[in-house]
Each structure stands twice: as structure tokens, then as C-alpha cells.
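Please look at the sequence and the 3D structure below before reading on.

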Amino acid sequence: MSSPAEQFPADPDDPGHDARNPDTGADAGARGQAHRRRRTLQEQVQATLAGKVATARRAHRRIAKANAERAVALADLQRWSSDPANAKLLNPDYALELARGPVLTDADASPRKVAAWQDQEIARRTVTSEVACSLHLADRTAEDLIGESSMFAGPMNATLTAMSAGDISYRHGQVLMEQLSFIPLEDLHACEAQLLPAAKELTVGKLAGKARRLRERAHPETITKRSTAAIAERGVWWEGRPDGMGTLTWYGTAQQTQAAHDRLTSIAEAASTQERRDDSIPVEQRRTIGQICADAMADLVLDGVTPAGTGGG
């Protein structure tokens, strides 16, 4: 049965309407009119959809421009605080030293108790804390954001320009930075110029793959040398999460991490098969593959073996 919106009366002016033959002309006219009205409604909905998507796109471009504006501001802040004169004044000890004696020029003053490099470090920490407090960010997040902003406003200015125009998002810019930061500065601009047109068209994931392949071809060092240096950065990090949860990150070689993932998946698939065959376990209590992987990893790391005996201790 058609919906009320589709139940249209016959139109006597419709070419398909034949008043002399109510069994054929009337029905054909009503169907033609219904078709035209449905098509009109569909065109209206499509136009509304296009308008709402365009509104979202304009907002998306404004966000990119705002992120670029923030990057410029943070980069300017970083440059300002790095100036030796400003860094010196940001050190609380500077005012204490002046209080102990007459004001002298730098040329006449005796060596200061706090070295210049300490001024720079204190200024960096001060700026990071101020930005973190003002933007409601963790100190580490604020520090990373300031570093990214300096990179965009410096070597990767073309990427910043694209963000300022709203052509790419900040996340696209981060992907480019993640890959191009490993390339020597003398080669960075050429690679950036190759990737920016693609960044305007591709998703973040596809752009990451393209940028990674370009970096592999453009990097002057061999993969062996780079892998050796990367292995030295291996480690494990823990981060607290809401609701009593946490995240454990293992940064290791691709071979080890892939093998570990494969083993956990194999364990989970075997355990899932057993649970499906066990009628005593209600369907709603059967674990997903992801849940079993998490449980198996906890068993392997904490106890050395799983309850089924898998693992070598």
C-alpha cells in the first residue's frame, strides 16, 4: 500500500488521463502525476541534502583555517620565547638578581648564576604550561602542539598555506608531517609539493599510505640504517583511561608486533570456537574476538600462560 504522501488524485489535465475510458486513462493519469510529484519531492530532498552538506563543508573549512591560525599564533609564541632576551626575562631568578645590586648592561654584568640554556628551558616550560592551562590540554599535548605549529610555520609552510585556505584539514597536515619530518630539509619541500595536491583529494588513511611510500623512496639513508635507529626507540607505555581502564602500548619491530597480533588472534579464534560449542555459556555472555584477545594478552603477560595452557611462561 502506498504512503499517504503518494496517494495523489487524478489530474484531468494530465495527457495520460482519458475521461472517456475510466478503466485506463484515469489510472494512467494518476500514475503519471504520482510519478512527477515523487520526482519533484526527491529533487527537493536532494537539493536540501546538498545544501546541508555544503554547510558542513564550509564549517569544515573554517575549522581548518582556525587550526592554521592557531598554528601561526603558537609558532610566533615559540619564536618569541626563544629569543634570549625574552627567555632571560621569563626566568623568575632574573628579577631576584637585579634586586641584589645596580642594574648593569649585559656587557658590564658579571656572569649570571643561571646559564642561558637554563633560561631557554625555563621559558619553554613556562610557555608550555601557559598554553596547556589556557587551552585545557595536558602539558605533553600542548608541547606537541607547539612543536607541530613551529614545523608548519617553518619548513612546512606550504602545508600551512593549504590549511589556511581550508583546502586540507589539520589531520591531513599532521599526516604529512609524520612522514616528511623523517626526510632531510633539503628534500622536504620537493616531497611536500608532490603530496599536497593528493592531500586535497585523499582521505587521511590513503594519504598516509601515499606519503609513507614517497618517504621510503626519497629518504637518503638505507632502510637497514633507519631500522637500526628505530629499534633503539622501542618501548612500552601505559596510559590511564576513563572508567577504570587503561591502554598499554608496545612499540616494537613490525615482525614482532605482527607475530604477537597473529598469535593473539589465533588464540581468540580457537577460544571463540570452543565457547560457541559450549551450550552452558549463554549467547549474550560469549566474548568477542577483541575481548578474548585482550584476555589472552593479560594472561600471557601477567601469568605467562593462558588457562588452557598456551604459552611458555
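Predicted model: local features only at pLDDT ≥ 70, side-chain atom pairs only at ≥ 80, totals over all residues.

Residues are numbered from 1 along each chain as its sequence is written, and side-chain values use heavy atoms, with hydrogens and water left out.

**Overall make-up**

- The secondary structure of the protein comes to 12 helices and two strands, where helices (H or I, at least four residues) and strands (E, at least two) are DSSP runs numbered from the N terminus.
- Along the sequence these elements follow the pattern α-α-α-α-α-α-α-α-α-α-β-β-α-α.
- Of the 313 residues in the protein, 25% are buried, where buried means under 20% relative accessible area, exposed means over 50%, and partly exposed lies in between (1.4 Å probe, protein chains only).

**The two strands**

- Strand 1 (residues 235–241) and strand 2 (residues 245–251) pair in the antiparallel sense over seven bridges, and two strands are said to pair if DSSP finds at least two bridges between them.
- Within this pairing, Gly235 stands opposite Tyr251 in strand 2, and Val236 stands opposite Trp250 in strand 2.
- The two strands form a hairpin with three residues between them, and Asp243 in the turn has a positive phi of about 60°.
- As a general point, the side chains of a regular strand alternate between the two faces of the sheet.

**Surface patches**

- Patches are made of residues with over 30% relative accessible area and no salt bridge, like charges being joined within 9 Å and nonpolar side chains (Val, Leu, Ile, Met, Phe, Trp, Tyr) within 5 Å.
- Accessible areas come from the Shrake-Rupley method with a 1.4 Å probe, and for residues only the protein chains shown count as cover.
- Val236, Trp238, Leu248, Trp250, Met297, Val301 and Leu302 make a nonpolar surface patch of about 790 Å².
- Strand 1, strand 2 and helix 12 (289–303) each supply at least two residues of this nonpolar patch, and helix 12 gives the most, with three residues.
- Trp238, which is found in strand 1, counts as exposed because its relative accessibility is 62%.
- A patch of positive charge on the surface gathers Lys210, Arg212, Arg213 and Arg217; for charges, Lys and Arg count as positive and Asp and Glu as negative, with His and the chain ends not counted.
- The place of a charge is taken as NZ of Lys, CZ of Arg, CG of Asp or CD of Glu.

**Salt bridges**

- Side chains of opposite charge can pair when their charged atoms come close.
- A search of the whole structure finds 12 salt bridges, a salt bridge being a side-chain nitrogen of Lys or Arg within 4 Å of a carboxyl oxygen of Asp or Glu.
- Arg124 and Glu121 meet through their side chains in a salt bridge (2.6 Å, N to O), and both lie in helix 4 (residues 116–135), three residues apart, which is about one turn of the helix.
- Arg124 is partly exposed, with a relative accessible area of 34%, and Glu121 is also partly exposed, with a relative accessible area of 24%.
- Glu121 forms a salt bridge with Arg125 too, with the closest N and O atoms 2.8 Å apart.
- Because Glu121 and Arg125 are four residues apart in helix 4, they are separated by about one helical turn, and Arg125 counts as exposed at 52% relative accessibility.
- Arg215 forms a salt bridge with Glu216, the closest N and O atoms being 2.8 Å apart; Arg215 counts as buried at 15% relative accessibility, whereas Glu216 is partly exposed, with a relative accessible area of 32%.
- Salt bridges that share partners join Glu121, Arg124, Arg125 and Glu143 into one network.

**A residue in helix 2**

- Asn86 has its place in helix 2 (residues 84–90) and is buried, with a relative accessible area of 19%.
- Asn86 and Asp119 are 33 residues apart along the chain, and their C-alpha atoms are separated by 9.0 Å.
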